[in-house]
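Student: I've got a protein model open and I'd like a close look at one part of it. Could you walk me through it slowly?

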Amino acid sequence: MAHCASYSLTALPFTSSTHSSSSPSAIFFAKPTWKPKILHLRTTPAVSIQKETPETERPDTFLRESDDLAHSSSSSSSVRARFEKMIREAQDTVCTALEAADGGAKFKEDVWSRPGGGGGISRVLQDGAVWEKAGVNVSVVYGVMPPEAYRAAKAAASPDQKPGPIPFFAAGISSVLHPKNPFAPTLHFNYRYFETDAPKDAPGAPRQWWFGGGTDLTPAYIFDEDVKHFHLTQKKACDKFDPNFYPRFKKWCDDYFYIKHRGERRGLGGIFFDDLNDYDQEMLLSFATECANSVIPAYIPIIERRKDLPFTEEQKAWQQLRRGRYVEFNLVYDRGTTFGLKTGGRIESILVSLPLTARWEYDHKPEEGSEEWKLLDACINPKEWV
């Protein structure tokens, strides 16, 4: 599994686009409100995370026993428990809908845990009738951040203060869905919750928490009715909570999924948000839940309309060229992917966002006015769809 701030974990190896994403293998370390300026990506791990252990059965929860027992009396732990419940239910719902749309293929599931608490469920469907590759992952992670992050966060701290490492908790669901038919769009979504605890040697320091996530559409060909339906579904979910959410998060999405070296966006956007903690925690939990529950109604009707349309070899080749752009963004800019690769994350989960096939042609330019050119123009010049 996004992304944007000085430090961001889009893909804690389960592990999106913080600002992604888009690695379905990822939980994002979202940009906190205090904007730490260190924790840039390094060649050595910046975060301490235990290696995973394969499991044969899914546990009822990946939370530590202390969290699980405390959730009835602790508001924060309650959010942890309810967010994990939400993402696991969303994973089941999405996978059931994807298998039904495919008509035969089934997800391969890997369950894993870590000795100190946490774990995840990675599900991948490959070479189906409809899906070239579909990944839907959930993850619960406990780790430790370096002390520099705490000093950056605590404005009142003395320059000589040397607090210990800062424990953190992160949970998220992340998914990327690549259909075979070039008229059926790729979808990415990721929703996550993050907390930091006070260092043991700094009692009384405030706990930080925030939510992040988003859902975005990446077609190879534009069908206006499809894109409008997708964006309208995102807008309806946002409007239930704040009428400013959709325009704000739509622009955030356009800005985040920008391939700088190409001067174009990865796709046609959707919504993206990060470091949200300036609203009531219960409201934001409900908002993230509503967004996750909107994935299927936003996407499956489009797949049903497009999955069986006839196409040419030239149209398939264009889809593969756009898949190449997807690969470029994820490997070069997606914070979750790059963070996971540099911190020894679960590699199969981190790279599950990549398509099975992609294509690069030297100096390819679509003919002006063609359907391919229209898609590229929309990626260069984002539009308002609703």
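How many disulfides does a search of the whole structure find? And which residues of helix 11 are buried?

Tutor: Happy to, and keep in mind that this is a predicted model. A disulfide is a covalent bond between the sulfur atoms of two cysteines. Searching the whole structure turns up 0 disulfides. Two of the cysteines are still worth a look. Cys 253 has a relative accessible area of 1%, so it counts as buried. Cys 379 is buried too, with a relative accessible area of 1%.

Cys 379 brings us to your helix. In helix 11, the buried residues are Glu 372, Leu 375, Leu 376, Ala 378 and Cys 379. Look down the axis of helix 11 and you'll find its buried residues within an arc of 160 degrees, so they line one face of the helix. As for what covers these residues, that includes strand 9 (264-265) and helix 8 (313-332).

Asp 363 has a positive phi, near 50 degrees, and is a residue other than glycine. With a relative accessible area of 52%, Asp 363 is exposed.

You'll find Asp 127 in the loop between strand 3 (118-126) and strand 4 (131-145). Asp 127 counts as exposed because its relative accessibility is 56%, and the cut-off for exposed is over 50%.

Methods. Residues numbered from 1 in each chain as written. Predicted model: local features only at pLDDT ≥ 70, side-chain atom pairs only at ≥ 80, totals over all residues. Heavy atoms only, no water. Disulfide = S-S within 2.5 Å. Buried < 20%, exposed > 50% of the residue type's maximum accessible area, 1.4 Å probe, protein only. Helix = DSSP H or I, 4+ residues; strand = E, 2+ residues; numbered from the N terminus. Arc of directions from axis to C-beta. Contact = heavy atoms within 4.5 Å.
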